[in-house]
Amino acid sequence: LRDLCSARHPPRFPEGLAYFYGKVLECASFCAEPYGGKESVLGELTMDDVKVTALLPEQRYTIASVAGHAMYERANPFYEHFLGGHIDMSQCQNEQYDERTVRVTGPSYVPATELRVKLEGAGKIGERYIGIVGVRDPYTIANIDLATQWARQQVAERFGESGYELHFMVYGRNAILGDREPLRTTPAHELGIIVQGIAPEKAMAEEVCMIATRQMFYARLPQVKGTAGGVAFLLDEVMPASPAYRWTLNHTMRLDDPLELFPTFIVEAGV
Amino acid sequence: VTASRRLSEIAKTIRSKNAGVDKITFDVIFPGRASYERVRQSGALSRAAVCDILRIDEGKSPTTSNSTRQWPSSSRSTAGCQAASPADADIFGSQQYGPLLDIEVPDG
């Protein structure tokens, strides 16, 4: 032990275990049961294994919660890539070490042949306003696409077909799943529609959104019994929202020096 | 008549989440090996079955994987649009698992 801890031979934990240890502890009680996010956990790293323990009395780490965490937010549950290589979790063994502790063995580190960092970027589409529209009329609900087409047409008459974006998110039908919604043909008895108007300038975005939102009110659907307004407004206005962005860059970038993009500084303060 | 149970009655966790710019991961975690094996062998979560339920082109679903050691099962699919673009009303992809809950798994 003395030899391991001496300056000449500092302890060197296996990279695979060390990285896995960091990966689990980074998410703390998020990988416990029941899952949380801010409760403390305790990790132990040895030369042979990783042990993680939930500290809140109501929480436990379980085989399912720790193993399941490897799948979380990733396209492949077995490999996690990072600058300098990847960790291979395909041979991980999890065991319930005690009531609230899981012991993990088997993750391995595979060095990369070249250094690469992930490079992501988003580009601004434009300024955005949103409007909220409610619908209770059953015929309008059944023909909601006709109403949004009407509104879209009114915007096109004012601004043309391009130079802006207009989106109608139909809550109560398929706003969340879109075309993947299996129940899209049987909408709820009332709908909430979020209208998004996006344009290069705020004033135009507001007007695009305002025309589209307000024209839902005037949409002419032949069989609607009501003639005093086709939709229900919570507000007779539209609201500024955060600008709209989309992904523009999804790459990796080769580096010669792993730290060249991550300069570090030491500053003395408060002395 | 073959009896069946819904996946939501069998699995411990069923969830979805963004896994990149244009990917969503669907994770199904089982309480034990027996239930995991039963669902796996039933084919209810096969690549073709999941693509059908989520109405995605099978050719666009990059991977499915199974981990028999720990009883999870994970399926990934391309999302319909880029994450967090204006057409995406689920910017974290966290509510996309809904259709999986009602998958009928034949008792076997």
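Select A:Glu95 to start: at 36% relative accessibility, A:Glu95 counts as partly exposed. The model on screen is predicted.

**Stop 1**

A salt bridge links A:Arg103 to A:Glu95, with the closest N and O atoms 2.9 Å apart. A:Arg103 is partly exposed, at 21% relative accessibility. Buried means under 20%, so A:Arg103 does not count as buried.

**Stop 2: A:Lys124 and A:Glu127**

Select A:Lys124 and A:Glu127. Their closest N and O atoms are 2.7 Å apart, in a salt bridge. A:Lys124 is partly exposed, with a relative accessible area of 47%, whereas A:Glu127 counts as buried at 13%.

**Stop 3: helix 2 of chain B**

Move to residues 33–42 of chain B, which make up helix 2. Show the side chains of B:Glu37 and B:Arg40. They form a salt bridge, the closest N and O atoms being 3.0 Å apart. The two residues are 3 apart in the helix, so about one helical turn separates them. B:Glu37 is buried, with a relative accessible area of 17%; B:Arg40 is partly exposed, at 41%. Back in chain A, salt bridges with shared partners join A:Asp49, A:Lys51, A:Glu95 and A:Arg103 into one network. Over all chains, the whole structure has 20 salt bridges.

**Stop 4: the hairpin in chain A**

Select residues 79–82 and 85–88 of chain A, which are strand 3 and strand 4. They run antiparallel, joined by 4 bridges. Look across from A:His81: A:His86 in strand 4 stands opposite. The hairpin leaves 2 residues between its strands, and A:Gly84 in the turn has a positive phi of about 105°.

**Stop 5: the cores**

Which residues have the most contacts inside the largest nonpolar core? Select A:Ile193 and A:Met216; this core has 27 residues. Strand 8, helix 5, strand 9, strand 10 and helix 6 of chain A each supply at least two of its residues. Another core, of 20 residues, lies apart from it, and includes B:Ile14, B:Val28, B:Ala44 and B:Val105. Now list what surrounds A:Met216. Beyond its neighbours within four places in sequence, its contacts include A:Val133, A:Ala151, A:Phe168 and A:Ile193.

**Stop 6: a surface patch**

A:Leu235 is in the loop between helix 6 and strand 11 of chain A, and is partly exposed at 30% relative accessibility.

**Last stop: chain B as a whole**

Color chain B by element. It has 4 helices and 6 strands, in the order β-α-β-β-α-α-β-β-α-β from the N terminus. Of its 108 residues, 46% count as buried.

Key: Residues numbered from 1 in each chain as written. Chains lettered and ligands numbered in written order. Predicted model: local features only at pLDDT ≥ 70, side-chain atom pairs only at ≥ 80, totals over all residues. Heavy atoms only, no water. Buried < 20%, exposed > 50% of the residue type's maximum accessible area, 1.4 Å probe, protein only. Pairing = 2+ DSSP bridges. Core = buried A, V, L, I, M, F, W, Y, C linked by side-chain atoms within 4.5 Å. Contact = heavy atoms within 4.5 Å. Salt bridge = Lys/Arg side-chain N within 4 Å of Asp/Glu carboxyl O.
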